[in-house]
Amino acid sequence: MIKTKGRAAVGEEGAEFPPSQSGDHASAGADARPSLSDISACLSFSPDDGYIWLNDQRMILMHGNAFGALRRELIDSLGMEKARGLFTRLGYIAGARDARMEQARWPDADLSALYKARLHSFEGMVKVEPVRFNFDQKNGQFDGEYLWHHSIEADEHIAAYGLGTAATCWMLTGYAMGHGSTLLGHLVIAREVSCRSMGDSVCRLIAKSAELWDDITEDMRRLNAEDFVGSPAGSRASSVVVPVTGLKDSAGMLAQNAPYHAAMVGASAAFNAACHQLRRVAGTDATVLFTGESGVGKEVFANMLHRISTRAENPFVAVNCAAIPDTLIESELFGVERGAYTGAVASRPGRFERADGGTLFLDEIGTLSPIAQGKLLRALQEGEIERVGGSRSTRVDVRVVAATNVDLRQAVRDGSFREDLFYRLNVFPIRLPPLRARKDDIPLLMNHFLNYYCDKYHRRVVGFTPAVIRAFLSYEFPGNIRELQNLVERGVISAEDDGVIDLPNLFTSGETLPPDVLSIAMGAGKGVLRNAQTETGEVPDPSSGLLQMLLQTQGDGKSISLEEIERTLVENAVSVSNGNYSAAARLLGITRSQLAYRCEKYKLAGGEG
């Protein structure tokens, strides 16, 4: 099966299509992995609408030989190595999605029990036989070995190409990496050490925490869609292949000694799409406009664009337009001649001149005043600048890259941004996704920031508790990557040496946790989590509206219908969950499709997640 996320299934006449069993959380306890019947209860079919659901994930059935034909087409058109990387990344995303589904469906199950769930066996990809499973809760390290029987990838590869000399269960290997990394909250590297397509009797996989391998360069190269992801500063990404920065080598130092600010970390589809666009435009001198919410990494992308361009040997000059007063913007951008105004005791070049031959990055360009916009437009059109107080024009060769977190088209309609400047900047727009749209990357980012700050502050923190991992995967991160970075830094500082980062180390500054996070730590952590939430305000009780209704009805002597009770419960659950259907469904103990049907019935807003 290959899965894509979609909205809840509702029939033509509003009828819901629940799973074959109750939508309540499965009964898998903390010491037992979810059984086949538990997993089967997550599966529902809606043939009238063309939907198949595995919990809240949309699935498709695909003929095995059609999958094999797709595989052959990609290998023949892309080449063996590129096709291998593509299927590895596809498997990583599938494994990460399944891990998130398992954590949401069985929030009280032990981490090792979820790891052994082997959901990809249920999905028809392979039969998994565990050989060794070691997970050290104290140091967070994982080491496992598995036998794969009846791998569809091996079957289809042998049918198309016969026996060879390399392992071919690429998607399954990526699945093991994505599933393990998401469950454990740090990078897990998996390698297929024997394969039936090599003439072996059975396929064999070894999966371990990244730090337990001697060298993960090749593994990360296949996980990254572009080879510049994780490149150290100063390298030419087109010719140098390095692992993702932030991963520790055997000596415990940052890989390649790459600086944090240069790191681009991710494997999700949304992240890779942005990287492909970056590669496409890097070889040109076209103006690039990065858009997206605050904290998504616009300056990191702009810096990487410069480093993989033909201008890499020349300066990269960044300007935060919001930090420069209107009275100084002209002198900052274009320079000033001595005596131009009181205090100008010496001539100095502006940012355009300093970036000559290289790249000028204009961050938060939407904050420029109308006067500054006009002066910038002239410089872009003419390719010439004139210093304040100067009498001659200077020609500059600068590639302009801009970034904004506001909607410039709307700003043009509102009259706060010049239309001609917008079209001058909007040559090649790249929209960077928010972190909530690339949650598959959260485990990689957690690992990256953990290692970076442990090295920076000379701390020894071994990882995150399962409660933190689940909280991060549920949290919406309004501050995006910057907020995740800050939380991990806070955790590294607060946690004990040789310990792990737990929830009390993190959400201490008024962050609004999603309601479903309240169920992720059913033991001692539950009280801690409730306390962390109530420091800034009480968590709304989904049943409060119902209680008020019942009390008022009792006092007035009026009757109340079951439909009113149901509507109140559903409306409060959706409100508490900020419109997230998946979270609201978990609060009510029903499936997402059942909740979607009731929201449609009562005309309630929501539907995210």
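Two residues are taken to be in contact when heavy atoms of theirs lie within 4.5 Å. On that basis, residues 24 or more positions apart account for 70% of the contacts in the protein chain with a separation of 6 or more. The model is a predicted one, in which local features need pLDDT of at least 70 and side-chain atom pairs count only at pLDDT 80 or more, while totals for chains, interfaces and linings use all residues. Residues are numbered from 1 along each chain as its sequence is written, and side-chain values use heavy atoms, with hydrogens and water left out.

The protein chain holds 23 helices and 17 strands, taken as DSSP runs (H or I, at least four residues, for helices; E, at least two, for strands) and numbered from the N terminus. Of its 609 residues, 52% count as buried, that is, under 20% relative accessible area with a 1.4 Å probe, protein chains only.

S10 pairs with S11 (residues 359-363) in the parallel sense over five bridges, and Ala318 has Phe361 in S11 as its bridge partner.

Helix H6 (residues 152-161) comes next. Its buried residues are Ile152, Glu153, Ala154, Glu156 and His157, and their cover includes helices H2 (64-78), H3 (80-105) and H7 (170-184) as well as strand S8 (203-209). At the N-terminal end, Ser151 caps H6, with a side-chain oxygen 3.3 Å from the backbone nitrogen of Glu153. Following H6 is Gly162, which has a positive phi near 75°.

Finally, H22 (residues 581-588) and H23 (residues 592-602) pack at an angle of about 100°, their axes 9 Å apart. The two helices are therefore roughly perpendicular to each other, a term covering 65 to 115 degrees. Tyr581, Ser582, Ala584, Ala585 and Leu588 of H22 make the contact with Arg592, Leu595, Ala596 and Cys599 of H23.

Methods:
Two strands pair if DSSP finds at least two bridges between them. Buried means under 20% relative accessible area, exposed over 50%, partly exposed in between (1.4 Å probe, protein chains only). A polar contact is a pair of N or O atoms within 3.5 Å; within protein, one must be able to donate a hydrogen and the other to accept it, and residues adjacent in sequence count only if both atoms are side-chain atoms. Axes are lines fitted to C-alpha atoms, for helices over the stretch in contact, and angles run from 0 to 180 degrees between N-to-C directions. Angles under 35 degrees count as roughly parallel, over 145 as roughly antiparallel, 65 to 115 as roughly perpendicular and the rest as oblique.
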